Amino acid sequence: MSTYLFQLSDLHIREPGRVAYGRIDTASFLRAAIESIAQCPQAPSALVITGDLCDFGREQEYVHLRELLADIRCPIYLLPGNHDCLSSLRLVFPEHDYLGASGPAHYSVAVGDLQLIALDSTVPGQSFGAIDQEAIAWLHDALKACGDRPVVLAMHHPPFLTQIGHMDEIGLLLGRAELAQLLGQFCNVERIICGHLHRAIETRFAGTIASTAPSPAHQVVLDLNPQAVSRWNLEPGGFRIHAWSKSAGLVTHNMPVGKFEGPYPFHAEAALID
Ligand SMILES: [Fe+2]
Ligand SMILES: [Fe+2]
């Protein structure tokens, strides 16, 4: 039996009829992503959305997001990012009780054979992220409660430097070392999955693999010059499938959003055509 944890990130949904950054129709990009997810041969066991769900955290943006997500049949797990407002999110998604009623939205839920643990890294009113001592203590208890179940840890701000200078300035600025120290004590954290970067990035962190997912809409321009200015572009958007099986472990697949030519069979006769 396999588990397919799908990940979307950084939707930046606005009110109906409004666009992000003056020109990005983020709702239509999300519709296309949902269509691409529906075309996947494997149905999601659950979908986690790793923050920046809406652009300004306004109630009407969450109402729009709710409408856009309405046709998804699998369980959906939401995480706040720095563009979100947790009280508006809780208000518009009251049945998402894993978000809690107050305080940070940390939670731990079972998704098939995996345990999805979400750590709220947001700091109200700030773009950067932080993990304080209370969050570390909460995570310690949550990890302990998992026993040897494979864990996927989700957070909006990645706990590693990406070499994209302007994004590292608003990355996880507090609690990185404490998080690394804690995770080093557990060998069942299969992956740390994040958002915020609007790009697909992987690196080693505290003995596990940490990653960020692309946005289905706009991406951060890849420029590793430390002085590079913050810019976005419309490189193909994407989502990720974290596929678990007992024999293969956790394998992450990156999927672009869109319709593409093919598929064509690898027929033996076709291989002989010059
Ligand atoms: Fe974002
Ligand atoms: Fe963000």
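**Notebook: iron site and nonpolar cores**

I began with the sequence spacing of the donors to the iron ion (ligand 2), which runs D-x29-N-x73-H-x39-H along the chain. The model I am reading is a predicted one.

Asn-82 sits in the loop between β3 (76-79) and α3 (86-92). His-196 sits in the loop between β9 (189-194) and β10 (201-205), and the two residues are 114 residues apart. I checked burial for both: Asn-82 is buried, and His-196 is buried as well.

Next I listed the donor atoms. The iron ion (ligand 2) takes OD of Asp-52, OD1 of Asn-82, NE2 of His-156 and ND1 of His-196 from the protein, at 2.1 to 2.3 Å.

Why do I log the arrangement as irregular? The 4 donor atoms around the iron ion (ligand 2) subtend angles of 87 to 158 degrees, so the arrangement is irregular. A tetrahedral call would need all angles between 85 and 135 degrees.

The iron ion (ligand 1) is 3.6 Å from the iron ion (ligand 2), and Asp-52 coordinates both.

I moved on to the nonpolar cores. The largest one has 48 residues, and Leu-65 and Leu-69 have the most contacts inside it. Helix α1 (residues 26-39) gives this core its largest share, 5 residues.

Leaving out residues up to four places away in sequence, Leu-69 touches Leu-30, Ile-34, Ile-49, Ile-76, Leu-78 and Phe-93.

Last, I noted a second, separate core of 28 residues, with Cys-146, Val-151, Phe-186 and Phe-205 among them.

How values were computed: Residues are numbered from 1 along each chain as its sequence is written. Chains are lettered from A and ligands numbered from 1 in the order in which they are written. This is a predicted model: local features need pLDDT of at least 70, side-chain atom pairs count only at pLDDT 80 or more; totals for chains, interfaces and linings use all residues. Side-chain values use heavy atoms; hydrogens and water are left out. Donors are N, O and S atoms within 2.8 Å of the metal (3.2 Å for Na, K and Ca); water is not among the atoms, so sites may look incomplete. Four donors count as tetrahedral if all angles lie between 85 and 135 degrees; four count as square planar and six as octahedral if opposite donors are over 155 degrees apart and all others between 65 and 115; anything else is irregular. Helices (H or I, at least four residues) and strands (E, at least two) are DSSP runs, numbered from the N terminus. Buried means under 20% relative accessible area, exposed over 50%, partly exposed in between (1.4 Å probe, protein chains only). A nonpolar core is a set of buried Ala, Val, Leu, Ile, Met, Phe, Trp, Tyr and Cys residues joined through side-chain atoms within 4.5 Å. Contact means heavy atoms within 4.5 Å.
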